[in-house]
Amino acid sequence: MKYIGTRDETIKATASQAILKGICPDGGLFIPSRIPKVNKSLSDLSKFSYQELAYEILRLYLTDFTEQELKYCINNAYDSKFDTQQIVPLVKKGDALFLELFHGKTLAFKDIALSILPYFMKIAAKKNGIDKEIVILTATSGDTGKAALEGFANVEGTKIIVFFPEDGVSPVQKLQMTTQEGENTCVVGIKGNFDDAQSAVKSIFTDKELSQKLEQKGYIFSSANSINIGRLVPQIVYYFYAYLQVAKQGEIALGDTLNFTVPTGNFGDILAGYYAKCMGLPVNHFVCASNDNKVLYDFFRTGKYNKNREFHVTISPSMDILISSNLERFLCHIMGQQKTKECMTKLQNEGNYKIEIVQNDEISGEYATEQETYGAIKQIYEQTGYICDTHTAVAYAAYQKYKNRTNDNTPMVIVSTASPYKFTKDVMVALDENNQNEDAFALMKKLQKVSGVTIPTVIQGIEKRKIVHTHVCEKNNIKQFVSNYLLK
Ligand SMILES: *Cc1c(COP(=O)(O)O)cnc(C)c1O
């Protein structure tokens, strides 16, 4: 299996090289030169544990890893740091099936990929004879940062620097990052949004002068964002796992089709689902759910991508994104490198592009306003007693709209991306407006009472932990910060 660039098919890498590099030298992303097919039947796959299924999928993509290496990565990643043996349980509530991806250490779906990425990196470095320290530069809209910190803290041979929007994350998300321990960690609040952080980080990766200077100092850069193909591949696994669970629970027969609604920001999670479908998983349709930053909704309706618009800070902050990096991979799969490069150049220069929208019956866009998101939390709670987080609520509201618009009755899996405890305040306000005046941490106890779900141990007492990271940086000074920090 070779990996090639989305803007230039002559850029080639092995899986381990693509993981180490994170991004192509021309700013494009690595994609597999072809998407492999699974070569076992669904009924064979349904006998597998999560770890066995992970091996079956990963071996098709990471072809320069040995069986032993892959199993080492998988067994170290998917162990008791998840609070359930199933890793990603599927629960039925009312007319929807929720795929809970938040049972890892940082309570968001990013844990699935970021629990394994440090192991991939370690082995990839060894394989390629890298003796330099790997510096993981990470832009986060709130959840990737903590999941990456948790994955890379105290990992020998690595340093991790995280940039988060100082005024754009929830109180729990912020504390999770600023209280992170580990000699090799650095967390920086920026005066800007996720797009500012991601653009700065991408430009650092492609800055030849800076990377030369750092190389002399013994550093190389890599990425823990979903621009790294090593993030994407582990996410394919849970689409298969979800499908097999739905069949086991008797909602469908093996071979029947299933729909997924995915709360989307950077288009990484849903792209992994699209890969699963291309590999042979019987998926009928994906609903790409957005919040008020509905750049993808507009794109799937009109074929026009336009980031020149107002940026909204919403109650689903991990989806507050106007430049969805992984859409580039999708474009490349459907229209090839040359056209993708034209679009990306136009996006960079003018902030927009348009493609001939090939009548797309695989993915459609829906979005939920803030009111609809609050409404969905309340509705699900009143109908079923289940409390979901704000991102999952965006997906649920989008699913309702999709269903009303199309009358598609295929069973629907709602991809649940975070624990409600990460967004306690907004979740509790959705249930009762009077909670507006209460403190987010006091509300955790209340949430525990109404949901019957214990406060996860990883955030118990978080408001009392020592804040160890206090760096703040202007959005235009990110490159300077990195350079000062590493070359000091
Ligand atoms: C990151 C994130 C998303 C969006 O996922 P993408 O892969 O960026 O589309 C949705 N919900 C939560 C809770 C997240 O952390």
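Two strands are said to pair if DSSP finds at least two bridges between them. Strands (E, at least two residues) are DSSP runs numbered from the N terminus. The model is predicted, and local features need pLDDT of at least 70, side-chain atom pairs count only at pLDDT 80 or more, and totals for chains, interfaces and linings use all residues. Residues are numbered from 1 along each chain as its sequence is written, and side-chain values use heavy atoms, with hydrogens and water left out.

Strand S15 covers residues 412-416. In the parallel sense, S15 pairs with strand S5 (residues 96-100) over four bridges; within this pairing, Ile-414 of S15 is the bridge partner of Phe-98. S15 also pairs in the parallel sense with strand S10 (residues 258-263), here over three bridges, and Val-413 in S15 stands opposite Phe-260.

S15 is mostly covered, with five of its five residues buried (under 20% relative accessible area, computed with a 1.4 Å probe on protein chains only). Met-412, Ile-414 and Ser-416 point one way from the strand, while Val-413 and Val-415 point the other way.

A disulfide is a covalent bond between the sulfur atoms of two cysteines. With a disulfide taken as a pair of cysteine sulfur atoms within 2.5 Å, the structure holds zero disulfides. Cys-332 counts as buried, at 6% relative accessibility. For Cys-473, the closest cysteine sulfur is in Cys-186, at 9.8 Å, which is also too far for a bond. Cys-473 is buried, with a relative accessible area of 7%.

How values were computed:
Buried means under 20% relative accessible area, exposed over 50%, partly exposed in between (1.4 Å probe, protein chains only).
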